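Good morning, and thank you for making the time.

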Amino acid sequence: MGKKNITFTKSDGSMAFLMPSEKFLEQYETEEAGLNALIQKDIPEALRSSAKIVENSALPVSRKFRNAWKQNDTAVVEDMTKARAIHLDRIREYRNAELVKEDVNYQRALEANDADAQSAVATKKQTLRDLPATFNLSGATNGAELDALWPSELPERADD
Amino acid sequence: MTISTTTLKNTANGNGSTTSFAYTFKVFAETELTVIVRTTATGAESVRAIGTGSTNYSVTGVGETSGGNVVFVTAPTSAETVTIIRNSALTQGTDYQPATNFPAASHEEALDKLTHIVQELDEEMGRTVKVSRSTTISSSEITDDADTRASKLLGFDSDGDLESTTGRVSSVSVSNVATSSGSPGTATASFTTSSGALALGIPIGQTGMAAGVSLQYSTTTTDADPGAGFFRTNNTNLSGGSCTQLYIQDSDGSNTITDWVQSWDDSTSTTKGFVTICGNPNHVSPFVVFRVTAITDATNYTKVTVVYVAGSSSISNSAECSLSFTRAGDKGSDADNVFKTISVSGQDDVVADAVTDTLTLAAGEGVDITTTAGTDTITFAGEDTSVTNKGVVELATTAETTTGTDTARAVTPAGLHGALAGLTDTTITTSDTVIFADATDSNALKEDTVQGILDLVPSSGLSAASVAEMEAASSNTVAVTPGRITRSPLVLKVAGAFENDGSLMTSTIGVSSVSDNGTGTFEINFSTNFGSTYFTPVATAHGTAARSIVFDARSTSDVDVYVFDAAGSAADPGNCYFHIQGDQ
């Protein structure tokens, strides 16, 4: 018997899922009976209509876009609009760190009265500022493709 | 008085004790006796003299017709013979005066002495060499003076007369007389009369040929027919290790020797034998010995595989040699398989280091080892076990176990089961004995009666604790039951762990499910509601980055869990472990 989860949609439209306790399910003659009992017990009445019993494998492997998950008829998929927003937030996070580094570089160029370096830093900072607007994420159709898109101006991501 | 006897000599044997020896004839003076002691074994004669020394003697009976005794100071031994002989003086002592008496006694005595002298001459004549009365000898005199007679023999000349003659050998010499091959030797002898030297010449044989088959050596090393009467080697350096083959022609020049050579590998041993090559006729050099290991037939010759053993390193070309072969015995039967090393895991090996090494068997505790030399037997026997000695124990039968009196046998599980199954008195009374382990005394076995056990139970008994008593957790007079233990506020009510992949730990306690509501946002749902929201949740997160956990929105049925990273942003925990104590 594979592990199963119960997905449901919360009132704010986001998706949640229950991780059933095997000991709880063992109280019932069948797994399905136990899962149905769990729906009745642990999901608010107003949300029970959206509850679906799915295989654990139906959940996306990566949780990078967990807050963009949504139910469809057969599985859990990423809401790409939300996923792009999550990805842009991550790009901004790394971009902001780079801007701080360039501030230091600019200060050093200023102290050295190096006009060329100052100009180069200014140009790079402008590029970084424009990244959320200029970096194209529209080609990604799922979370994995989206995660693979990363601006070359930014350092490699840590394993987050 | 007349003389009617011719006896003038007496002989007797000594015995080591007799000193007095009789003589049976008349002497006129003790000096007329000659006493000779002869050593029987050697013939040595000792003429004794009158006196008182240890070798002297005295005389009795002088003038008596019947004689007297010669008395030795020291008795002759049994190895000695005593001869007493009369030896009258050749003088005449009677003096007759004219016109005086002519006494008969002195006259007769003079006649007696003359008779004695005649008898003594006759006795001496009887001991001389003579010719018989019926033959003659022209001259019985030897005219050669002493120098002429020296070193010669007494003989007779052609007339039968006496002469001193040559023929005495004074020295003998012997010499070798060489012989030529194929001819008998001639012995020689010569005698030099002037010196009496005898020289003998004895023929001696020539130095013989060395034993074996005569063949000539060829220094050609080619593996081919060496030609009749020849043999060769595959290397002329015989001792260098490179000489490993002999090529021997099938004929020694006169006779076929093939069968003889090819019989050299008859032995079943690895070493077939040894071939000795000697020079002829002097076998001292060359002299080479090879060990033979194999034989191979070839056209007109035989190849002999050899290993140099000893001797010369080379042989001259065309040297005449003699080959002889000494066959090795057949290989003996293989020895039986034996183990040289005895190994025990974790122990040093026991190894037979030499043929004289002795394996000593030592008896461990509870084991006896005895040997019987006559039958070459070693017997290992277990000692009988007892309460003071480890050893071999016999297993008790079920009947013996049931009887329960045997002190020498061991109980088996089957025997014990059989004994218990065979018990017929199953009614327990208060006087029956119960054996138990005392937990307060290192589980030592003790016994008591059933009544003694019953006496430990309070007369009022113990009642199960109520919910209130469990929640109060203060009573010492009620018993905790499984159905009430969850009511204790000290007992963990909820515990478990969940992972990012959407699964709960299998061995959760008191959890029905965990709801994953988003990144870093979870809700733990209880199997049994708490009595109030005053429970105490604790959780830890396990992951690659720092996490902090906050509980919020608690109710009696669930509690929300929020996980943040170091920057305060919602973050997944990796694994989250939690437990909750409280009153349910």
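**The interface between chain B and chain A**

About 1,800 Å² is buried between chain B and chain A, and carbon and sulfur atoms give 43% of that area. Buried area here is the accessible area, taken with a 1.4 Å probe, that two parts lose on being put together, summed over both. Please keep in mind that this is a predicted model, in which local features need pLDDT of at least 70, side-chain atom pairs count only at pLDDT 80 or more, and totals for chains, interfaces and linings use all residues. Residues are numbered from 1 along each chain as its sequence is written, chains are lettered from A and ligands numbered from 1 in the order in which they are written, and side-chain values use heavy atoms, with hydrogens and water left out.

As to confidence, the model scores ipTM 0.85 and pTM 0.39. Chain B has a mean pLDDT of 88, with 97% of its residues at 70 or more; pLDDT is the predictor's confidence in each residue, from 0 to 100.

Who takes part in the contact? Chain B supplies 25 residues and chain A supplies 22 residues, where contact means heavy atoms within 4.5 Å. Between the two chains there are 15 residue pairs in polar contact, both residues being at pLDDT 80 or more. A polar contact is a pair of N or O atoms within 3.5 Å; within protein, one must be able to donate a hydrogen and the other to accept it, and residues adjacent in sequence count only if both atoms are side-chain atoms.

On the side of chain B that touches chain A, the elements giving two or more residues are strands S30 (492-499), S31 (511-518) and S32 (521-526). S31(B) provides the largest share, eight residues. Helices (H or I, at least four residues) and strands (E, at least two) are DSSP runs, numbered from the N terminus. By class, this side of chain B holds six nonpolar, 14 polar and five charged residues; Ala, Val, Leu, Ile, Met, Phe, Trp, Tyr, Cys and Pro count as nonpolar, Asp, Glu, Lys and Arg as charged, and the others, Gly among them, as polar.

Two strands pair if DSSP finds at least two bridges between them. Within this pairing, Phe17(A) stands opposite Asp516(B).

Asp516(B) has a further partner, Arg66(A), in a salt bridge whose closest N and O atoms are 2.9 Å apart.

**Within the chains**

Over all chains, the search finds 24 salt bridges. In chain A, Arg92(A) and Asp89(A) form one at 3.2 Å, N to O. Why can these two meet? They lie three residues apart in helix H3 (residues 80-111) of chain A, so about one helical turn separates them.

In chain B, strands S34 (residues 547-552) and S35 (residues 558-565) pair antiparallel over six bridges, with Ile549(B) partnered by Val563(B). S34(B) and S35(B) form a hairpin with five residues between them, and Ala553(B) in the turn has a positive phi of about 55°.

Key:
A salt bridge is a side-chain nitrogen of Lys or Arg within 4 Å of a carboxyl oxygen of Asp or Glu.
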